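The following paragraphs lead through a structure for a reader who is new to it.

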Amino acid sequence: MTEITHYSQVWTHRTPRKRLLLWGGWLALVALFVWCWQLMNENTIWFFVADAPRQAADIGGRMVPPRWEYFPELMQPLWDTINIATLGTIGGVIMAVPVAFMAARNTTPSATILRPIALFIIVASRSINSLIWALLLVAIIGPGLLAGIVAIALRSIGFVGKLLYEAIEETDAKQIEAIQATGASGAQVLNYGIVPQIMPAFWGISVFRWDINIRESTILGLVGAGGIGLKLQASLNTLAWSQVSVILLLILATVVLSEWVSARVRHAII
Amino acid sequence: MSAPDQYPSTWRRPPQIVTDRRWRLALQIGIVVYLVLAIGSVEVNWSRVYEGLERGQRFIMGFLQPDFASRWRDISQGLVESLTMTLTSTVVGVAISVPIGIGAARNLAPRWIYYICRAIIAVSRALQEIIIAIFFVAMFGFGPFAGFLTLSFATIGFIAKLLADDIEEIDETQAEAIRSTGASWWQLVNYAVQPQVMPRLIGLSLYRLDINFRESAVIGIVGAGGIGATLNTAIDRYEYDSAGAILLIIIAIVMVAEYSSSYLRKFLQ
Amino acid sequence: MLKLEGLSKTYKTGDPALSDVTLSVPKGQILGLIGPSGAGKSTLIRCINRLVEPTSGKVMLGDVNLVGLSKADLRRQRRRIGMIFQEYALVERLTVMENVLSGRLGYVPFWRSFMRKYPAADIQRAYQLLDRVGLLDKADNRADALSGGQRQRVGIARALAQDPELLLVDEPTASLDPKTSRQIMRLLTEICAERGLPAIVNIHDVPLAQQFMQRIVGLRAGRVVFDGTPDQLTESTLTTIYGEEDWHEMRRGDQEQQEAEAEARDRMAALAK
């Protein structure tokens, strides 16, 4: 080692250029934020905002004690909600399977036409929330459970399809090659080479989606698509906050329970 | 080895998951009974559905020939609200999530702070965005401000949880090395934790930006501003061509966001 | 039985993996294919049942030229060729029995294979083969519950279930320990002798090849540089085959293996049609 004074006394973590870029980036983010904030709040009535704590206290006061007598009335809608989620998941999975096989690079029958279509179906289904699907379906086929089921199914296609096609693309090519070498037909290669490999992923994804769907189906009633959300909507409309708190507690319990079931089932499969 | 006819001529695939025959039978019957009951409880008004087919057709036509022009003022207003809401709520949400996430990491925070932060996360995650939006609209009035609050709140549950889990999984040896230099708690966070979780935090924030946009299209239905309100009106008025246009815009923005966030993540790493 | 005439293969990247290989294998002969990694052994074996598409040349199995057959005809011909893989390539999540029965896929209609309702004769035969390779009691186990040696025995039973007229064996012992390797090689040679089956065996282990093979062909850079009996394999001929084994060659080997696999993967796209 030489004399310590030989070394530079200044040490910086980043080069000046990089530092400039970093600061510029942060500055741009802050500016963008301020601009967006102003644009967003052009029409905000600040009086209402200032009034919020009083409103919150008021609502809170009305929510307790929960009106427990309302509970038995909720059993039928709860059953409907679970059915919406389950039947919707089944329908969604059934539709998602062919889409996934069309979207996976190694099984798609035509990479130029069908694959982009399948990918578009997946993106479209994923970007539109089930509540919007429900809104549309209620307008088209009328209010009721069916609209909810179809909405959940349409929303599930994208989720299941995406995860499933990724699983298909990750299959071990060797096992498939070995089945091909026996002289198996395309359908047989699918049945023996690919399907066994994606089965655990398939069940895991389906159960996972079912769990999410239980959560989503609790609110579909807000737009008229059946289930416990209908009761929520009715109670909100009549400002019956003590009933709202019962419904929310029930939804919470259902969600926690379904999460537990789904975790257990997935654990058993994998 | 003997002649082929010495061997059994039938073979059945052994059951893989439920091996007990009675349990399997019970399970199968249970599933069938459930399905019958569930499908039976779905009352369908077929004549209404039949009527709806014509509307469905009109909707599909509207989707194929979207009308951007006639409601453009409403659409652009809704879009501006949605986009600004998305950005501001993500920024605020992430900013709040960071301290909560650190507080919810068992290896950094004292017990009592840990429990408080985990409780905040649990509440935020358990409640649906829509339900939170209903409350915020009731408290703060209609408009994007309530939506902004909703999305910020939902962001906290998402980011803080994943961040906390990430911090709990950091490489302990690095933290130990820094601790052994006599560093304070702040220095520990800055030198040992931050470098390890920063890339993931950025990735999560971008992902959440994407989710917040999608959600912002929904909470408008209950009055929290954004493109969802416009969409709701369009559907109520049976203006399917405008609705189709809005949906296409949503899909396009989500696609762009997904593509650019994956690009940005690659660029930042 | 099998005649290769002027077989060549050039990959998309432009690397010639095989150039002008001419070879004939009579009935009942076990032929060992040796050579450094990257010499084209994997490619050669996969060109025979067209898991890799040859660029030019002929593959005559009996009177049929496999090159240029339509997809359906190729499937019918593949039934006649059993293949045994490096690292077994069993379908891990199926039972041993299903793996063996999958050798019959080319013979049964789709619904039978789908319902797992194989003809009685196929099932008896599958049991017989499992007995032959010493795994009768494992029939209902899942393939991923077996040891390496056991898996390769299942692989052999699967290939034999096809009633093949030719066996292609790709590095059967590459992932096995020396003792198990010898057991597997002995089993293979015994079975070939029992049935008068010709076999082409890719093998990187020269002593093992000398011990078990009747004839040895040496490949170097895609060309046949040696063809003779094991005892003709001298120090100097080995040098012509392997040269000075350097890292460059080894890397090329990995690359060739990957290319062969990548092409097989591409061809899977044809599956769903």
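In chain B, the axes of helix H6 (residues 144-168) and helix H8 (residues 185-219) come within 9 Å and cross at roughly 150°. Here axes are lines fitted to C-alpha atoms, for helices over the stretch in contact, and angles run from 0 to 180 degrees between N-to-C directions. Helices are DSSP runs of H or I with at least four residues, numbered from the N terminus. H6(B) is therefore roughly antiparallel to H8(B); angles over 145 degrees count as roughly antiparallel, under 35 as roughly parallel, 65 to 115 as roughly perpendicular and the rest as oblique. The crossing of H6(B) past H8(B) is right-handed, a word used if the near helix is turned clockwise from the far one by less than a right angle, while anticlockwise gives left-handed. The contact of H6(B) with H8(B) involves 14 nonpolar, six polar and four charged residues. Ala, Val, Leu, Ile, Met, Phe, Trp, Tyr, Cys and Pro count as nonpolar, Asp, Glu, Lys and Arg as charged, and the others, Gly among them, as polar.

This is a predicted model: local features need pLDDT of at least 70, side-chain atom pairs count only at pLDDT 80 or more, and totals for chains, interfaces and linings use all residues. Residues are numbered from 1 along each chain as its sequence is written, chains are lettered from A and ligands numbered from 1 in the order in which they are written, and side-chain values use heavy atoms, with hydrogens and water left out.

H6(B) also meets helix H4 (residues 111-126) of chain B, with axes that come within 8 Å and cross at roughly 135°. That angle makes H4(B) oblique to H6(B), and their crossing is left-handed.

Between chains, 55 residues of chain A are in contact with 54 residues of chain B. The area buried between chain A and chain B (accessible area, 1.4 Å probe, lost on being put together, summed over both) is about 4800 Å², with 80% from carbon and sulfur atoms. One salt bridge (a side-chain nitrogen of Lys or Arg within 4 Å of a carboxyl oxygen of Asp or Glu) is counted between chain A and chain B. A:Arg126 and B:Glu258 form a salt bridge, their closest N and O atoms 2.5 Å apart.

Chain B also touches chain C, through 13 residues of chain B and 17 of chain C. About 1400 Å² is buried between chain B and chain C, 60% of it from carbon and sulfur atoms. The count of salt bridges there is one. B:Arg13 and C:Glu98 meet through their side chains in a salt bridge of 2.6 Å, N to O.

Conventions: Helix = DSSP H or I, 4+ residues; strand = E, 2+ residues; numbered from the N terminus. Contact = heavy atoms within 4.5 Å. Buried area = accessible area lost by both parts, 1.4 Å probe.
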